[in-house]
Structures are given as C-alpha cells and as structure tokens.
Amino acid sequence: MSSVASVHSLWTVAAGAPGKIPAPHIEYAQLSPTLIVLGAAVIGIVIEAFVPRRHRYYSQLLLALVALAAAFAAVIGLAAGGFGSSKAQIAAMGALAVDGPALFLQGTILLVSLVAVFTFAERRLDPAAHGNRVDSFAAQPAAVPGGAAEQAAVKAGFTTTEVFPIALFAVGGMLVFPAANDLLTLFIALEVFSLPLYILCALARRQRLLSQEAAVKYFLLGAFSSAFLLFGVALLYGYAGTVTYAGIAEVISDGAKQIDPALAGTMGNDALLLIGAALVLMGLLFKVGAVPFHMWTPDVYQGAPTPVTGFMAAATKVAAFGALLRLLYVVLPGMRWDWQPVMWAVAIITMLGGAIVAITQTDIKRLLAYSSIAHAGFILAGVIATSEEGISSVLFYLGAYSFVTLGAFAVVTLVRDAGGEATQLSKWAGLGRRSPLVAAVFAVFLLAFAGIPLTSGFAGKFAVFKAAAQSGAGWLVVVGVLSSAIAAFFYIRVIVLMFFHEPKADGPTVAVPSPLTTTAIAIGVAVTLVLGLAPQYFLDLAGQAGVFVR
C-alpha cells in the first residue's frame, strides 16, 4: 500500500512542477522543404480515401507537382538566406543539419523528383484499355497477377493513383537522409524512403511477376542492409555513449577526455568503433549500389516499372551519397587512415566490376543498371579525396548524373512492341532509321554516361578525378580512366546498333508520348548539354555548398 502511495506522490510532484519536461525546440522554417513534402504525402492519402476515382489522377498529379515545386522554392529561400554558408546550423534538437551540402542535395532530389513525377503520370504510351487511358502501373496491385480481380480492374479502367503519395513519402525520407545529424535519424530516414520504394517496384502493369520478384529481392536485401546499419549504430553508441555525429567525432578525436568516468569501463573500445563504422558504411554502400553490395541493382532495375527505375536510380543515389559524405567527413575524419584504404578497394572493384559486367548485358535496363554501378565507383573517387574539392565535385557529379539517368530511362519507356517496353538490346537495332530524334536523344545520354567532352558526364568525371588526383589518389584516377574506356565501349556499341544496323521488319515502334514525358526528356537533354558546355557556374555553386556544419 505504501508503495502505491509513494508512486502516487511522485505523480503529483511531477504534475505540480510544470516546465520540468522541456518542450523540443523545432526550427520549422529550416525544416520546411521536408515538412511540405511529407504534408503533401499525407494529404495524398486522404485524397485516395475520399475523392471519387475519376478525379484522383489530376488531384494527385497537381498536389505532387505543387508540393515538390514549393519545397524546392523553400530550399532556394534557405540558401538565399545564408543557411548554406554563414548561418549553417544544427536544427531539430541536433537531429538534422541545415548546411550547404544538405541544401544542395535536397534541391537536387526535389528537382529530380519533380521531373520523375512527369514520367509517373504518363498515360499515352500503352494503347487505351477498354476505352480508358492507362499508365505504367498495375490496375489493382493487391490483386493476384492474371486473376479475375485484376482482369475486372483492367476492364473498369482503373489506374493506380496512390503511386504519387507513395513517391512523396520516399522523397520526404530522401530529403532527411543526407541532412541527418545523428545515427537514429539516419536509420529512420533510410526506412522512410526504402519502404515506399519496395512497394513502387512491385507495381508494373506489364510483367507483373517479374516486377513482384524485383520488389521481394529489393525488400529482402534491403532488410539485410538495414540490419547491418542498425547493428553498426548500436556498436557506435556503445563506443561513444551518444548517437550524435559531433559527439562520436569528439570521442574519436579526444578519446579518454570525452568519456564519462562512470562509463569508462565500457566506452572507448576501438573494436566497437571499427566494427560499428564498418557496418554503418556497409548499409550506406548497399544503397549506393557499390560492389560487393550491388547484387540487387540489375534485377530491381529490370523488374520495376521503368518510371520508378529512373526515379530510384537518380534520387536514391543522391540521398545515399549525401549521407555517406556526411558520415565520413563529419563523424569519421579522425579515422581517415582506417577507412580510406577500404574505400579505395571498394571504388576500384566497383568501377571495374560495373564496367566489365555491363559489356555482357543484352537488356537495356540491366545495361543501365551496371552502368550505374560503375558510376557509383567514379563518385567514390571524389568521396575518397577528403577535401573541399572532393565534396563539391561529388555534389556536381550527382546533379549531372541524376538528370542523365532520368532522361535515359524516360527514353526507354518509349520503345515498345506488343508486349510493352522492348528492352532487349537486339530490338533496338536500326532505331535511328525508324525514329532519328529518339535515337539521337538516347545517344546524347549515352555519350554523357561515357564522359565524352561537351556533355555533363565529362565535366563531372573531370571534377571528381581532379579532386582525387590532388589528394594523392593518382592510381585511383588511372583505374577510373581505364574503367571509363571500357564503359565507353558498350555505350558506343548501343549507338552503333541504333544507327548503323538495318531495322528488323518485326522491330518495336516508338510511342508518341504526351507533353509530360517529352518535358522530362527535354529537361534531361538541356541539363546534360548546359552542364557540359558551361559547367563553371554550377561547379562554383557546388563549391560554395561544399562545407559541412559540425
């Protein structure tokens, strides 16, 4: 009875002492880009529940475009207000950083997502089904592929409008990921953008089983990588007694001085630090698609609906490299001699592995998947530079690469035969004779991937290789140039196939897209050429954004 009374007295004491539990101080203005996107995603879910089916498509498309544009405007406003430089700060009780790299990467993710939404909304490529225009997504994703429920949904002309709020949730997680300033926020952001992507991968209208297989593979391997990351977070917490980036960095640099005497027996153990850092890096390298954590990439890129593949290939890389940069430059600069040799090895096998295996591919989406693995290796060369030039070159490369990727996958959606998209490379023979404009645009993207001068790919590769060479990683640059030469072979091979081979009589046709996909491809070409012909302004912009707040 006395124990009950004592507990009750504790309650009354706690209740009688207002102000003892401090309310969190949240800087809503600095977090506005993320809040706008997540708010719009929640409104999108409400639209799915309450708006009649015939009005949902336009409501969701308008909401997604307005939200992404407003969030981008908020990023520009923060950058103009000095939050990328002089006013850079840690916000949301230490959970998020608002600084140059975070704002640059968030702006890139939002622009890429805005263009990706155009490809999601395309409804003119497939022939109309039962008098209704259809998109790339399953009529009723919950139905068994080929079953009666799916056939009824196709006959009724259903389209899957919930892809828009799902994509917005993914974008919200991606915005937090490169700005995360403690390990728990990093993990939550990873899950927030990964789970919607697993769902989006399973929603293809054609080849439903291949699409679902891709989603299951991505989910299972993604769960492994999340587990590695979380276990690494636990070990780093055991080492430093904190999950904040600054706290861990302080314990690494000052060692015993920073350790609480009460915890001195368990903290500061270097084995915890090394294993924990390795596991967290593994989780991030999986998202980047670096060898040997790349096994999911070709299968998922091939099986997912092509608009989702383009969105995922572009935006996820930007978010994951942003998080990787912040971890290495803010948390682990004191361990540079430990992680640099490992990252050297990962970069070399990623560049060579992606380029060599791509040569053997016969499917255009798998070829672009291995190409993206090789590009992850090139970007890692800039990450390894550990200098301000390294950061700014990686930021520039990510911006350039993401638009080329989106444009290339948007072109892939146009080349079709009776079974949907014709992704077999042999079917692309003679495409330049049938549709010179589409083949020429795809050739521009392939030349940018190959790093040919006057394209954004050349400017990006030159920037990361120069940063790596200046920091003493000359041999890495030699391997990078060799890998680029190998990669150029298979890009040029596709161009030769399109322009110098006779078209087959039963070859695919090129669908005429609506203004949505046309705009997405035009933006991709424009960015590729502008960043190739006049890169200096954007390199300077990335240079100004290249300092992390600590």
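Six cavities of 30 Å³ or more turn up here by the counting rule. On a 1 Å grid over the protein atoms alone, a cavity is a set of points where a 1.4 Å probe fits but cannot get out, while a pocket is an open set with protein on both sides within 12 Å along at least five of seven lines; lining residues have an atom within 4 Å of a point. Grid points are joined across faces, edges and corners, and volume is the space filled by probe spheres set on them.

Before you click around: this is a predicted model, where local features need pLDDT of at least 70 and side-chain atom pairs count only at pLDDT 80 or more, though totals for chains, interfaces and linings use all residues. Residues are numbered from 1 along each chain as its sequence is written, and side-chain values use heavy atoms, with hydrogens and water left out.

**Stop 1: the largest pocket**

Select Phe72, Phe104, Thr108, Phe538 and Leu541; of the 26 lining residues, these sit closest to the centre of the largest pocket. Its volume is about 690 Å³. Now colour helix 4 (100-120), which gives the largest share of that lining, seven residues. (Helices, H or I with at least four residues, and strands, E with at least two, are DSSP runs numbered from the N terminus.) What is the lining made of, by class? It has 19 nonpolar residues, seven polar and no charged. Nonpolar here covers Ala, Val, Leu, Ile, Met, Phe, Trp, Tyr, Cys and Pro; Asp, Glu, Lys and Arg are charged, and the others, Gly among them, are polar.

**Stop 2: the largest cavity**

Next, pick Gln30, Leu31, Thr34, Gln106 and Ala179, the nearest to the cavity's centre among its 13 lining residues. The space inside is about 90 Å³. Helix 4 is back, supplying at least two lining residues, as do helix 2 (32-50), strand 2 (96-98) and helix 6 (163-176).

Stay on helix 6: 13 of its 14 residues are buried, meaning under 20% relative accessible area with a 1.4 Å probe, protein chains only.

**Stop 3**

Finally, show the open antiparallel sheet, with strands in the order 4-3-5. Strand 4 (420-421) and strand 5 (509-510) are at the edges with a single partner strand each, so one side of each has no neighbour in the sheet. Strand 3 (415-417) is joined to strand 5 by two bridges; pairing requires at least two bridges found by DSSP. To see one, select Arg416 and its bridge partner in strand 5, Thr509.

Conventions
Buried means under 20% relative accessible area, exposed over 50%, partly exposed in between (1.4 Å probe, protein chains only).
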